[in-house]
Amino acid sequence: MSAVISLPDPPQRVPRDPRVDGLGADKLGKRLRRQVGQAIADFGMIEAGDKVMVCLSGGKDSYTLLDLLLQLQKKAPVPFELVAVNLDQKQPGFPAHVLPEYLAGLGVPYQIIEQDTYSVVSRVIPEGRTMCSLCSRLRRGALYNHAKAHGFSKIALGHHCDDVVATFFLNLFHHAKLAAMPPKLLSDDGQHVVIRPLAYVREHDIAQYAQARRFPIIPCTLCGSQENLQRRQVGLMLKQWDQDHPGRIEQIARAMADVRPAQLADAALFDFMALGRRGDAAHADAWPADAVPETPAV
């Protein structure tokens, strides 16, 4: 069982408001477009003729994702199609009219999936336990099924740089593995390509951009009400690092693109057995388990 360590909330950074200065908002938008365009190019996220399903939840991240992709679509070197897709999970109080009205106002093609995953999660997960794992699986299944049924070649999600780094530490602390959210991946069944165009974008920049663009944010009352989530604990740790050591999060994100298998310990990624082998010398894997005495306890 993984222990959850309560951490104090770090002092809140006071974000600058791009709406106060139109030039500042324009510069922020230009920087985010550049970062998204670079991520798309670096990982080959979008190709000519792609039909991209942009998953829109109503949160700041997915609004920003759709907004930036729409801007880049106009100047992209290849033609591709964008369709906004929202999964209505039937949470009590969810304002179902907000997204259709917003998207219709933009003239953006959109589709709404209606699936009552909320009742399933509420019934299966005991009160007081976190719901994210099951909720995520049900949501992913619904989106994958929809993508297959409607011929989407790519599924775009709104995970950003902070999500990627947080997932790395969650896997490190709670699952004993070095893994994160890749900018581009093939689903386990091999049928779907998932892309994360915001992989280079920091969350605080997204928050400022969403404020400047006045997106009609819909809060997630299900996830947001769970205070003891492991991801929240890691998020608090990263926020404190960000305040005490500016640039550290970006440094960690860059490190994920510079992996040195020979300097880790995964024998499946690097042939340690062949390293320095001398002819017919006995192989280490031939040693019996009891050949090396146990180190005396200190």
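Predicted model: local features only at pLDDT ≥ 70, side-chain atom pairs only at ≥ 80, totals over all residues.
**Group meeting talk: a walk through the fold**

With a salt bridge taken as a Lys or Arg side-chain nitrogen within 4 Å of an Asp or Glu carboxyl oxygen, the count comes to 10. As background, side chains of opposite charge can pair when their charged atoms come close.

What order do the strands take? It's an open sheet of 6 strands, and the order goes 3-2-1-4-6-5, with mixed pairing. Out at the edges you'll find strand 3 and strand 5 (184-186), each pairing on one side only. From one strand to the next, the twist averages 25 degrees.

Let's zoom in on one end of that. Strand 2 (residues 81-88) and strand 3 (residues 110-114) run parallel, and 5 bridges join them. If you want a spot to look at, find Asn-86, which stands opposite Ile-112 in strand 3. To get from strand 2 to strand 3, the chain goes through helix 3 (residues 98-106), and that β-α-β crossover is right-handed.

Helix 3 also packs on the sheet: it touches strand 2 and strand 3, and its direction makes about 170 degrees with that of strand 3. Helix 2, meanwhile, lies across strand 1, strand 2 and strand 4, running at about 165 degrees to strand 2.

Helix 2 (residues 60-75) has a helix partner too. At what angle do helix 2 and helix 7 pack? About 75 degrees, with helix 7 being residues 203-213 and the axes 9 Å apart. That makes the two, helix 2 and helix 7, roughly perpendicular. Among the residues making the contact are Asp-61 and Leu-68 of helix 2, along with Ile-206 and Arg-213 of helix 7. By type, the contact residues split into 5 nonpolar, 2 polar and 5 charged.

Last stop: helix 6 (residues 161-175) against helix 9 (residues 248-255), packed at about 70 degrees with axes 10 Å apart. Here, too, helix 6 is roughly perpendicular to helix 9. Helix 6 brings Cys-161, Val-165 and Phe-169 to the contact, and helix 9 brings Ile-249, Ile-252 and Ala-253. This contact has 6 nonpolar residues, no polar and no charged.

Note on methods: Residues numbered from 1 in each chain as written. Heavy atoms only, no water. Axes fitted to C-alpha atoms, helices over the stretch in contact; angles between N-to-C directions. Helix = DSSP H or I, 4+ residues; strand = E, 2+ residues; numbered from the N terminus. Parallel < 35°, antiparallel > 145°, perpendicular 65-115°, else oblique. Contact = heavy atoms within 4.5 Å. Nonpolar A, V, L, I, M, F, W, Y, C, P; charged D, E, K, R; others polar. Pairing = 2+ DSSP bridges. Right-handed = clockwise from strand over helix to strand, strands pointing away.
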